[in-house]
Amino acid sequence: MEKYRSILRKYLPEAAVDKVYDMLREHQAHLKISRKRTSKLGDYRSPHKGNGHQITVNHDLNPYAFLITLVHELAHLLTWERYRNRVRAHGEEWKTAFRELMDPFMEMGIFPPDIRQALQRYLRKSYASSGSDLNLSRALREYDASREPSLEDLEEGSIFRLSNGRTFKKGPRVRKRYRCLCIDNNRIYLVNPLVKVEVAECRA
């Protein structure tokens, strides 16, 4: 279906379109382009009540992030086909499926060197989501159409808002996250350094 390929071309690197189309067709998976979701980049739903495999991916991802997220969800599909619900969602079975499905795209040279290097490290570890790997997330965001500031871009003491409307003051880094004071309720939260923020005010 050329129409389906033309839709895929809007979201994927051109070189990946045919391979992705073949994968979706082989597994009879329905891909739905979703609105922006702050809680997740994509998801997979197994066949239920007459509906087949369904994968959703957020519409606002850059082509490389879209491809990685889609392959992530296809790995859930492949794991379900092999094991149904008898294994953990991101266990060794899923990790094996994810690497298996990603290998052809790595061999095709689709990714720029910085993403490829970060992705290779990620594949060795295979976190639950690409967003869990800060190096891969940093590499991917360099290819976003608009570069919104993230928490790690701000100086300590800066005042910022998150997409949920809450206002925070940035504190020191604690391991992989920043210790931030929520001004709305005076509670402390550990916030992902790559979360996109709206700068409200800066303090010296």
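This is a predicted model: local features need pLDDT of at least 70, side-chain atom pairs count only at pLDDT 80 or more; totals for chains, interfaces and linings use all residues.

Visitor: Why is T69 called buried?
Guide: Buried means under 20% relative accessible area, with exposed over 50% and partly exposed in between (1.4 Å probe, protein chains only). T69 comes in at 5%, so it counts as buried. For the protein chain, buried residues make up 43% of the 204 residues.

Visitor: And what makes W80 buried?
Guide: Its relative accessible area is 16%, and the limit is under 20%, so the label holds for W80.

Visitor: Which helix holds T69, and which holds W80?
Guide: T69 sits in helix 3, and W80 is found in helix 3 as well. Helices (H or I, at least four residues) and strands (E, at least two) are DSSP runs, numbered from the N terminus. The chain has six helices and eight strands, in the order α-α-β-β-β-α-α-α-α-β-β-β-β-β.

Visitor: What does W80 touch, leaving aside its neighbours within four places in sequence?
Guide: Contact means heavy atoms within 4.5 Å. On that basis W80 is in contact with Y44, S46, P47, H53 and N85. W80 and S46 are 34 residues apart in sequence, yet their C-alpha atoms are 7.3 Å apart. T69, not counting residues up to four places away, touches L41, G42, V57 and L61.

Visitor: How do you know that the T69 side chain has a polar contact with A65?
Guide: A polar contact is a pair of N or O atoms within 3.5 Å; within protein, one must be able to donate a hydrogen and the other to accept it, and residues adjacent in sequence count only if both atoms are side-chain atoms. The backbone oxygen of A65 lies 2.8 Å from a polar atom of the T69 side chain, so the distance passes. Likewise, at the start of helix 6, a side-chain oxygen of D133 reaches to within 3.0 Å of the backbone nitrogen of N135.

Visitor: Why is helix 6 described as largely enclosed?
Guide: Six of the eight residues of helix 6 (residues 134-141) are buried, so the rest of the structure largely encloses it. The buried ones are L134, L136, S137, A139, L140 and R141. They pack against helix 3 (63-83), helix 5 (113-125) and strand 5 (167-174).

Visitor: What makes a set of residues a nonpolar core?
Guide: It's a set of buried Ala, Val, Leu, Ile, Met, Phe, Trp, Tyr and Cys residues joined through side-chain atoms within 4.5 Å. The largest one here has 43 residues, and M102, F105 and F111 have the most contacts inside it. Helix 3 gives the largest share, twelve residues. Apart from that core lies another, of ten residues, among them L151, F160, Y178 and C182.

Definitions and conventions
Residues are numbered from 1 along each chain as its sequence is written. Side-chain values use heavy atoms; hydrogens and water are left out.
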